[in-house]
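Please keep the sequence and the structure open while reading.

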Amino acid sequence: MFEKVLIANRGEIALRVHRACKELGIQTVAVHSTADANAMHVRLADESVCVGPPAAKDSYLNIASIIAAAEITGADAIHPGYGFLSENAKFADIIAAHNITFIGPSADHIRVMGDKITAKETVGRVGIPLVPGSDGAVETMEDALKVGKEIGFPLLVKASSGGGGRGMKLAETEADLERAISTAKAEAKSAFGDDAVYLEKYLVQPRHIEIQIAADSHGNVIHLGERDCSLQRRHQKVLEEALSPALSPEQRAEIGEITRAAIEKLGYLGVGTVEYLYENGQFYFIEMNTRLQVEHPITEQVTGVDLVREQIRIAAGEKLSLTQKDVTFSGHAIECRINAEDPKTFVPSPGKIIDYHQPGGPGVRFDSAVYDGYTIPPFYDSMIGKLIVFGDDRDHCIARLRRALAETALTGVKTTVPLFADLIDDEAFQAGDYHIHWLEEWLAESE
């Protein structure tokens with residue numbers, strides 16, 4: 001096992017990784033920007049190193065400073081958390097070149113899955129179901145029109161290097177296609193420096209279902225069921241639940257085994273998530289995330305598996321602590337992403353927290369790094385906590401979530417807590433009857 005892990009991140013995920021390390025008897029090193037000098041992950045770590053000014057590009061994305069911090073503190077492994085450098089193949093390569101262990105998959109797997117076209121080709125070869133679409137990037141309008149005639153409209157134009165909805169445009173008819181491609185290319189070039197785009201059949205009202213997997217270096221691969229992440233605003237997940245109210249145990253077992261077997265064929269190492277769109281009983285691959293997901297706690301709640309602990313143990317060369325037959329699912333879990341934002345306009349609301357009381361009691365977990373008197377800086381993502389609630393079944397879970405939201409007190413800044421209080425009382429949500437466009441429609445009707 002490692003002796004000292006540097007955590008190359010901030011906020012709640014840095015604290016989450018710190019806690020897992022301490023339970024494994026590992027010393028921790030926090031890195032931080034000057035804006036985060038008083039952050040909780042810095043206060044609790046065994047050592048800390050300032051790696052730059054507030055701007056993320058000069059601190060949390062500054063590879064040279066982070067490697068230097070690892071070397072001067074003698075860290076033998078680096079955990080990247082999520083976001084920032086967690087899916088940066090160059091970062092993984094440089095860490096390896098310094099004889100430090102990257103707590104994540106190989107740089108090659110990060111690289112392959114980071115390019116959506118290559119990822120689609122790769123997982124298609126090992127049995128993952130794909131959305132009908134173009135074979136790789138489309139080079140000419142003639143090629144694009146040919147694809148449109150073969151699979152029909154509407155079509156989605158997607159950037160090969162895209163993410164978070166950037167470089168993604170809808171062509172409802174053949175007449176829309178040229179404009180959609182040129183707009184997507186321009187957006188992708190600006191955001192990612194790569195204007196390659198491809199085409200996929202547009203699914204009208206799909207759900208977003210993702211399968212959690214874990215694989216060790218001894219040939220053991222397991223899946224830990226699905227998360228339903230269909231409630232999204234501008235392609236950003238807002239509320240997630242496990243297990244999905246849309247899947248039967250038989251569908252869960254089938255897509256779980258398809259995913260597990262494919263990951264085994266890929267020779268993947270570490271934890272990861274394969275994301276699908278699901279419509280009319282069919283699954284279609286979207287992408288694979290080669291890191292820990294923000295929403296991993298709901299899988300931990302319904303399986304009893306500590307995913308961060310498993311991730312660290314895998315990186316240290318140890319076997320998974322359980323096999324597929326040991327994985328069981330119990331109860332229901334929901335996660336709400338609590339952001340420092342206006343609950344109506346979603347404008348960020350950084351500032352000092354005046355009064356803070358986090359919810360608790362049976363079945364309630366609040367993953368956050370904020371505290372009474374903490375000042376939320378304006379430089380980073382606005383998520384300040386994750387409220388995770390577990391119940392015997394979905395109705396019990398929703399009842400507990402309602403109670404936990406009512407207990408949550410956080411003044412001095414605006415938060416999205418009132419949004420969730422309204423959302424969970426909606427009849428469609430309570431029935432589990434929603435899709436990836438549902439939340440935006442619900443928000444528009446609520447205005």
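Val112 is partly exposed, with a relative accessible area of 26%; buried means under 20% relative accessible area, exposed over 50%, and partly exposed in between (1.4 Å probe, protein chains only). The model is predicted: local features need pLDDT of at least 70, side-chain atom pairs count only at pLDDT 80 or more, and totals for chains, interfaces and linings use all residues. Residues are numbered from 1 along each chain as its sequence is written, and side-chain values use heavy atoms, with hydrogens and water left out.

**Val112**

- Val112 is found in helix 5 (residues 107-114); helices (H or I, at least four residues) and strands (E, at least two) are DSSP runs, numbered from the N terminus.
- Leaving aside neighbours within four places in sequence, Val112 is in contact with Thr118, Ala119 and Thr122, where contact means heavy atoms within 4.5 Å.
- Thr122 is 10 residues from Val112 along the chain, and their C-alpha atoms are separated by 7.9 Å.

**Tyr284**

- Tyr284 has its place in strand 13 (residues 282-289).
- With a relative accessible area of 18%, Tyr284 is buried.
- Not counting residues up to four places away in sequence, Tyr284 touches several residues, among them Pro129, Leu130, Val131, Pro132 and Leu203.
- Pro132 lies 152 residues from Tyr284 in sequence, while the two are 8.5 Å apart in space, C-alpha to C-alpha.

**Domains**

- The protein is divided into domain 1 (4-103), domain 2 (141-201) and domain 3 (207-446); these bounds come from an automatic or database domain assignment.
- The contact between domain 2 and domain 3 takes 4 residues from domain 2 and 4 residues from domain 3.
- The centres of domain 2 and domain 3, taken over C-alpha atoms, are separated by 29 Å.
- Between them, domain 2 and domain 3 bury about 280 Å², 48% of it on carbon and sulfur atoms; buried area is the accessible area (1.4 Å probe) that two parts lose on being put together, summed over both.
- On the side of domain 2 that touches domain 3 there are 1 nonpolar, 2 polar and 1 charged residues; Ala, Val, Leu, Ile, Met, Phe, Trp, Tyr, Cys and Pro count as nonpolar, Asp, Glu, Lys and Arg as charged, and the others, Gly among them, as polar.
- Between domain 2 and domain 3 the count is 0 salt bridges, a salt bridge being a side-chain nitrogen of Lys or Arg within 4 Å of a carboxyl oxygen of Asp or Glu.

**Salt bridges**

- The count comes to 34 salt bridges.
- Arg291 forms a salt bridge with Glu87, with the closest N and O atoms 2.9 Å apart.
- This pair links distant parts of the chain, 204 residues apart: Arg291 is in the loop between strand 13 and helix 10, and Glu87 in the loop between strand 4 (77-79) and helix 4 (89-97).
- Arg291 is buried, at 18% relative accessible area, whereas Glu87 is partly exposed, at 33%.
- Arg365 and Glu300 meet through their side chains in a salt bridge (3.0 Å, N to O).
- Arg365 lies in strand 17 (residues 364-368) and Glu300 in helix 10, so the pair ties together parts 65 residues apart in sequence.
- Both Arg365 and Glu300 are buried.
- Arg403 and Glu407 form a salt bridge through their side chains (3.1 Å, N to O).
- Both Arg403 and Glu407 lie in helix 12 (residues 394-407), 4 residues apart, about one turn of the helix.
- Arg403 is partly exposed, with a relative accessible area of 28%, and Glu407 is partly exposed, with 29%.
- One network of salt bridges that share partners joins Glu210, Arg227, Lys237, Glu240, Glu275, Glu295 and Arg337.

- Arg337 has its place in strand 14 (residues 332-339) and is buried, with a relative accessible area of 13%.
- The side chains of Arg337 and Glu240 are joined by a polar contact of 2.7 Å.
- His296 has its place in helix 10 (residues 296-303) and is buried, with a relative accessible area of 0%.
- The side chain of His296 makes a polar contact with that of Arg16 (3.5 Å).

How values were computed: Polar contact = N/O pair within 3.5 Å; in protein donor to acceptor, adjacent residues only side chain to side chain.
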